[in-house]
Structure formats: structure tokens, C-alpha cells
Amino acid sequence: MSENVVAKTDVVLVGAGIMSATLGALLRQVQPDWSITAFERLDAAAAESSDPWNNAGTGHSALCELNYTPGKPDGSVDIAKAVNVNEQFQVSRQFWAYAVDNGILSDPKNFINPVPHVSFVHGAENVKYLRARYDALAGHPLFEGMEYTENPEVFTERLPLMGKGRDFSDPVALNWTQTGTDVDFGALTKQLINHVAASGGSVFFGHDVTDIAKQSDGSWIVKVRNRRTGESRKVQAKFVFVGAGGGALHLLQKSGIKEIKGFGGFPVSGAFLRCTNPEVIAQHSAKVYGKAAVGAPPMSVPHLDTRVIGGKQGLLFGPYAGWSPKFLKQGGIMDLPKSVKPGNLMSMLGVGVTELGLVKYLVGELMQSPADRIGTLAEFVPEARLEDWELIVAGQRVQVIRRKGAGGVLEFGTAVVNAGDGSIAGLLGASPGASTAVPAMLDVLERCFPQQWAGWQSKLREMVPSLGVRLSDNPDLFRQVWDHSTRSLQLDVVSDTVAEAPVEAAAV
């Protein structure tokens with residue numbers, strides 16, 4: 001097709017990761033007559049941050065992630081963020097259950113499996129903190145069933161790999177939640193993208209979106225280049241969603257919308273140790289999160305992580321933080337310099353001054369040797385051996401830099417950015433990311449389609465019965481949607497791959 005020929009579509013999705021796939025699937029339900037066209041620069045869906053080896057797949061619901069429950073000076077624990085993250089994950093669970101019930105998604109064991117979520121600390125002060133965390137969460141409806149133990153025998157029974165060879169003269173404690181999940185967001189994304197295509201959408205792989213320009217009639221011209229042939233074409237769209245992971249910032253900047261001014265990005269790369277010894281893998285069936293090192297970003301919270309990928313159980317430990325100027329794992333070294341614009345220069349400089357501790361932490365991580373990495377793993381697995389583990393490069397994350405006063409502030413989370421007229425939107429940021437894809441994309445629909453939003457309510461509530469309701473304040477509704485999604489997603493059936501941990505010895 002000549003570059004001057006313009007094809008028309010109602011919606012363009014940039015990127016074929018979990019965010020674009022989720023938005024496409026939602027739109028297919030509420031507005032099936034709209035045409036959808038997706039462009040992905042790589043040759044497969046979910047090949048960047050949504051790939052299962054590029055993220056932890058925890059199904060972030062704040063059951064075990066200690067960075068969502070900071071301690072207060074008086075010794076109590078703030079659970080507000082944990083509750084909010086859990087509320088968001090419940091929305092995702094409801095939509096996935098609806099999608100399974102209605103044939104949008106196939107066998108749920110392909111993408112979601114029950115795996116206990118566990119918080120782990122050692123040392124007297126940390127044990128005191130974890131007990132306060134348990135006391136704050138255990139009575140909350142969304143955290144029902146959480147257990148607490150300081151008992152070394154229970155510790156070793158439930159986590160044999162972590163208990164073997166441990167010196168229990170150093171006090172330990174666990175928060176244990178049996179109802180956690182492991183999510184393969186790569187498999188989930190592929191199923192959702194396949195549904196978008198099978199229901200009439202057009203999905204193009206190996207196509208790079210190079211420019212986005214606003215037209216006088218309010219539509220957008222999206223310029224796309226075929227990476228195989230070099231051929232370029234233009235597509236006219238009424239609405240554009242930029243779900244390109246780390247690449248979203250550049251494209252939103254090219255769009256020229258004023259709402260992106262002041263936003264910057266700070267790339268953080270990472271790596272995991274992946275276990276290669278089946279005997280070791282079989283000794284651990286849980287997602288165990290510890291406390292982040294001083295100065296470490298929240299996304300670097302250490303965790304020993306059971307994964308179920310392609311029906312096979314695996315084991316990861318990490319992440320080990322690194323740094324690269326790339327905004328995508330398969331990006332370019334000029335990504336960061338090209339993102340610096342007059343509109344975000346002061347934001348970027350401000351963060352450079354205020355985040356010296358983070359820079360120091362990253363430098364330390366980069367200097368680690370293989371022995372150093374095994375030494376870090378030994379805090380979780382005392383008898384860890386270097387020959388049982390291999391280092392793999394994880395996905396690239398771009399943390400949001402937002403303008404604050406005359407400077408900027410680094411944010412660890414996700415942010416939806418949209419034009420005032422709702423004709424274009426994009427998602428910036430990282431964790432909890434994929435786990436909150438459904439509420440994030442519902443937010444995009446509400447922001448960008450206010451005229452249709454009211455008319456969509458009946459269908460939206462069919463997909464997400466708790467839409468607009470805080471489940472924390474409605475425990476009866478929570479129990480209903482929880483029980484339904486548990487059955488639909490087959491989370492009450494433990495996979496042969498993942499052994500169920502013993503639950504009878506819940507010591508306090």
C-alpha cells in the first residue's frame with residue numbers, strides 16, 4: 001500500500017501486550033460493531049513485558065508484597081495501598097471469569113493456577129513488623145484466611161527448600177495466604193489477542209508505529225512501517241490507545257497532546273536466577289516475598305517465585321536490578337536521550353537530584369558477581385548452589401517521572417494519560433501493571449468514552465459485577481464474586497504441577 005493511501009478504522013491499538021489485548025477484548029464486548037486494528041512491532045504477542053519470563057506473574061493482590069504495607073513510626077502498618085491493589089485484582093479476576101464462561105478465554109489452567117502467597121522476614125524488628133502487618137490485614141474481608149507463624153517447624157514443613165540448613169536462632173516469620181495465584185500473562189495476552197482477531201479485528205505483527213498526528217476533524221493519522229519490507233502506510237483512527245510498554249512515552253510525546261508534558265521515564269532493567277534442577281524446583285511451591293534492600297525500588301523486592309508456564313512448574317529468584325537506557329528489552333540505547341524534551345527536562349533533572357540513593361543501589365547491583373547473586377539467594381535458600389541456577393534477563397521497566405513543582409518525582413506504579421477530548425490514551429509505568437490491566441482499561445473506557453459509558457453499564461456489570469463498588473465495604477458481594485471466579489477459573493482445583501502446601505499447622 002502506498003504511504004499516501006489511508007485505511008480507516010475506529011480503534012488503533014499500539015502494541016500487543018496485556019493492556020492492548022485487554023482493552024481490545026473489552027471493546028469487543030461493549031461495542032462489537034467498532035473496527036479494531038492492532039499493530040505490534042515484534043513478531044508475536046506478549047513478547048516484551050507481558051512475556052512470562054519477563055515478569056514475576058504474581059497476580060499482584062498485595063497478599064505478600066511488603067512494599068504495599070509500609071510501617072508507620074508508631075509501629076502500626078498502613079494497609080491502604082494493599083487494599084486498593086487487592087480491589088483492582090478482584091476486578092481482573094471477575095473479567096477473566098466472565099471471559100472463560102463466555103468462550104473468550106479457553107482452559108484457565110493455561111494462564112492461572114493456585115499458588116500460595118507468602119511474606120517472609122527474619123530478624124527481631126522485621127518479625128515485629130510482620131506481626132503488625134498480619135494484625136492489620138487478617139480481619140479485612142479481602143485478606144480473609146491469612147495466617148501468621150514464627151514456628152520453625154511450620155516454616156520448614158511449608159517451605160522445605162527455605163528451611164533446610166537455616167539457622168533459626170535468627171527469628172523468622174511468615175504471613176501465609178493459601179488462595180494466591182500465579183498468572184502467565186503471556187498466555188493470557190495471546191488468548192485475548194486471538195479473540196480480538198477472531199471476532200473481526202485486524203492484528204499486524206512486525207509493524208512499527210512511527211508517528212501519530214492529530215487531524216482537524218479530531219481523528220488521528222497513525223503512520224506504520226512494516227519492519228520486514230520497509231513499506232510504510234497510514235491508518236486513520238477515531239481513537240488510539242498506546243499500550244506499547246516502555247515505548248508508550250515516545251509515541252505519546254509524538255502525538256503532541258499537552259497532557260504528556262512534564263512526564264518522563266526512568267528505565268530499570270533486571271534479571272532473575274532461574275532454577276535448572278528439577279529436584280530443587282520440586283521442593284518449593286509458593287511465591288515468597290521478602291523486604292526490599294534500603295534504597296531499592298519497589299519493583300526490586302526479592303522473591304522466590306514458583307511459576308507455572310506451559311503446564312510446567314518453574315522457580316525464579318530475583319529480581320536483580322540493572323540499568324540500561326533502553327525503554328524496551330528489544331529497544332535502542334537512544335531511547336532515554338530521545339525522551340528528554342523541553343516539557344519534561346526539569347522533571348528529569350529534579351529526579352536526578354532526589355534519587356541519588358536509587359542510583360547508588362543500581363551501581364551496586366551492576367557490580368555483583370555470580371557468587372554475590374547466590375549469596376543474596378542464600379537469604380531465602382540457605383543451601384543454594386551456583387550450578388543449580390542460571391541468570392536470565394528480565395523485562396525492561398520504565399518508571400514514571402511526573403512533574404512536581406519546579407522539578408519532578410519518580411513514581412512506582414502505573415498512570416493513564418489521555419487527551420482532554422478522549423481521542424487518545426496511553427499507559428505509563430510498571431508494577432502492579434499486568435495484574436491490574438482490567439481496572440486500568442476500564443478507567444480508559446470511562447475517561448475516553450463518556451458519552452457511551454452510561455450505555456455500556458449493563459454489559460460492563462455483566463462482565464464485572466462489582467463495577468463501581470468497593471468490595472471492602474460489601475463483604476457479601478465480595479464472597480459472591482470470589483466464589484464464582486474461583487469456580488470459573490478452576491482455582492479450587494490444584495494443578496498436578498503444583499503441590500498444595502500443608503495448611504493444618506497454622507501456628508501463631
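Strand β4 is joined to strand β13 (residues 287–289) by three bridges, and the two run parallel. V118 has its bridge partner in β13, namely V288. This is a predicted model, and the pairing is read from it.

β4 has another partner. Six bridges link β4 to strand β6 (residues 172–177), and here the strands run antiparallel. H117 sits opposite T177 of β6. Is β4 mostly covered or mostly open? Strand β4 spans residues 117–122, and five of its six residues are buried. It is mostly covered.

How far can the model be trusted? The protein chain has a mean pLDDT of 88. Of its residues, 88% reach 70 or more. Residues 497–508 fall below 50. In the model this stretch still has 32 contacts beyond near neighbours in sequence. Those contacts involve residues with pLDDT below 50.

Next, the nonpolar interior. In soluble globular proteins, nonpolar side chains tend to be buried together. Here the largest nonpolar core holds 57 residues. Which residues have the most contacts inside it? They are F95, W96 and F241.

Take F241 and look past its neighbours within four places in sequence. F241 touches V12, L13, V14, M19, S20 and L23, among others. Its contacts also include A425, G426 and L427, as well as M441 and V444. Another core, of 26 residues, lies apart from the largest one. Among its members are V222, V240, A415 and A419.

Now the open space. The second largest pocket has a volume of about 620 Å³. Its lining counts 28 residues. Closest to the pocket centre are N84, Q88, V91, P439 and A440. Which elements each supply at least two lining residues? They are α2 (80–101), β19 (414–418), α13 (437–448) and α14 (450–463).

Rolling a probe the size of a water molecule over the atoms shows where empty space is left. The model has three cavities of 30 Å³ or more. The second largest cavity contains about 60 Å³ of space. Its lining is made of G245, G246, L249, G264, G265, V398, Q399, V400, L428 and G429. Which of them gives the most? β17 does, with three residues.

Terms used:
Residues are numbered from 1 along each chain as its sequence is written. This is a predicted model: local features need pLDDT of at least 70, side-chain atom pairs count only at pLDDT 80 or more; totals for chains, interfaces and linings use all residues. Side-chain values use heavy atoms; hydrogens and water are left out. pLDDT is the predictor's confidence in each residue, from 0 to 100. Contact means heavy atoms within 4.5 Å. A nonpolar core is a set of buried Ala, Val, Leu, Ile, Met, Phe, Trp, Tyr and Cys residues joined through side-chain atoms within 4.5 Å. Buried means under 20% relative accessible area, exposed over 50%, partly exposed in between (1.4 Å probe, protein chains only). Helices (H or I, at least four residues) and strands (E, at least two) are DSSP runs, numbered from the N terminus. Two strands pair if DSSP finds at least two bridges between them. On a 1 Å grid over the protein atoms alone, a cavity is a set of points where a 1.4 Å probe fits but cannot get out, and a pocket is an open set with protein on both sides within 12 Å along at least five of seven lines; lining residues have an atom within 4 Å of a point. Grid points are joined across faces, edges and corners, and a volume is the space filled by probe spheres set on the points.
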